[in-house]
Amino acid sequence: MGIIELFLFAVSLSMDAFAVSVCKGLSVKTLRPRHGVIAGLYFGGFQALMPLIGWLLGRQFEGLIKSVDHWVAFVLLALIGANMVRESFGKDEEVNDSLSFKTMLPLAVATSIDALAVGVTFAFLEVQILPAIALIGVTTFTFSAAGVKIGNVFGVRFKSKAELAGGVILILLGIKILVEHLFFAG
């Protein structure tokens, strides 16, 4: 997997966190730099941790499903992408302005569940996991910190567009993996 594909994964996975960060920024009365840093650390940290866990799990089962790994990758990415697209048309969730542990932890876990499944896919695609999770974590940190600022300045206009774009990118990456394995694999 090339750096461009890995970057597209990172951007796609960060879109849920970006959307929630936009809402956080909208709800904060007086924006401070620490708001973006806190959101970035929670979301970026969990977006890096979950693919690692998924990759470790995927490595355990790799030998059992190696012959159909491209189908597994395609189905997982298509389902995650479709869910993100569906959520982009749904009603907005209520987000409070708290950045406390008990508020941020569930949000970070919820926005990173799809990254767990992508980590399983990474195991099947034999992705070098450390550079991948570093790129995902840094990208999500950056998007989340920026999302808080954007939300505070512009409101929620970008939330659904970000989720839609992330979902479409994941679906297209899944199709690319499937097509490569079916038609171009050695």
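**View 1. Glutamate 126, an exposed residue in a loop.** Glutamate 126 is exposed, at 52% relative accessible area (exposed is over 50%, buried is under 20%, and partly exposed is in between, with a 1.4 Å probe and protein chains only). You'll find glutamate 126 in the loop between α4 and α5; helices here are DSSP runs of H or I with at least four residues, strands are E runs of at least two, and both are numbered from the N terminus. For background, most residues other than glycine have a negative phi. Bear in mind that this is a predicted model, in which local features need pLDDT of at least 70 and side-chain atom pairs count only at pLDDT 80 or more, while totals for chains, interfaces and linings use all residues. Residues are numbered from 1 along each chain as its sequence is written, and side-chain values use heavy atoms, with hydrogens and water left out.

**View 2. The salt bridge between glutamate 5 and lysine 176.** The closest N and O atoms of this pair sit 2.1 Å apart. A salt bridge here is a side-chain nitrogen of Lys or Arg within 4 Å of a carboxyl oxygen of Asp or Glu, and the count by that rule comes to 1. The pair ties together distant parts of the chain, 171 residues apart: glutamate 5 belongs to helix α1 (residues 3–27) and lysine 176 to helix α6 (residues 159–184).

View 3. Staying in helix α6, have a look at histidine 181. Histidine 181 is partly exposed, with a relative accessible area of 31%.

**View 4. Helix α1 against helix α5.** Two packed helices are described by the angle between their axes and the distance between the axes. The axes of α1 and α5 (residues 129–154) come within 7 Å and cross at roughly 30 degrees; axes are lines fitted to C-alpha atoms, for helices over the stretch in contact, and angles run from 0 to 180 degrees between N-to-C directions. That makes α1 and α5 roughly parallel (under 35 degrees is roughly parallel, over 145 roughly antiparallel, 65 to 115 roughly perpendicular, and the rest oblique). The crossing is right-handed, meaning that the near helix is turned clockwise from the far one by less than a right angle, with anticlockwise being left-handed. By class, the contact of α1 with α5 has 17 nonpolar, 9 polar and no charged residues; Ala, Val, Leu, Ile, Met, Phe, Trp, Tyr, Cys and Pro count as nonpolar, Asp, Glu, Lys and Arg as charged, and the others, Gly among them, as polar.

**View 5. Helix α1 against helix α4.** Here the axes are 11 Å apart and the angle is about 165 degrees, so α1 and α4 run roughly antiparallel. This crossing is right-handed. On the α1 side, the residues include Leu6, Phe9, Leu13 and Val20, and on the α4 side they include Met104, Leu107, Val118 and Phe122 (contact means heavy atoms within 4.5 Å). The residues of this contact divide into 10 nonpolar, 2 polar and 3 charged.

**View 6. Alanine 17 in helix α1.** Alanine 17 is part of α1 and is buried, with a relative accessible area of 0%. Which residues does alanine 17 touch, not counting those up to four places away in sequence? They are Phe43, Thr111, Thr140 and Ser144. Its C-alpha atom is separated by 8.3 Å from the C-alpha of glycine 44, 27 residues away along the chain.

View 7. Aspartate 16 lies in α1 and is buried at 9% relative accessible area. Methionine 84 is in helix α3 (residues 69–88) and is buried too, at 1%. Neighbours within four places in sequence aside, aspartate 16 touches Met84, Glu87, Thr111, Asp114 and Glu163. Methionine 84 and leucine 170 are 86 residues apart along the chain, and their C-alpha atoms are separated by 9.1 Å.
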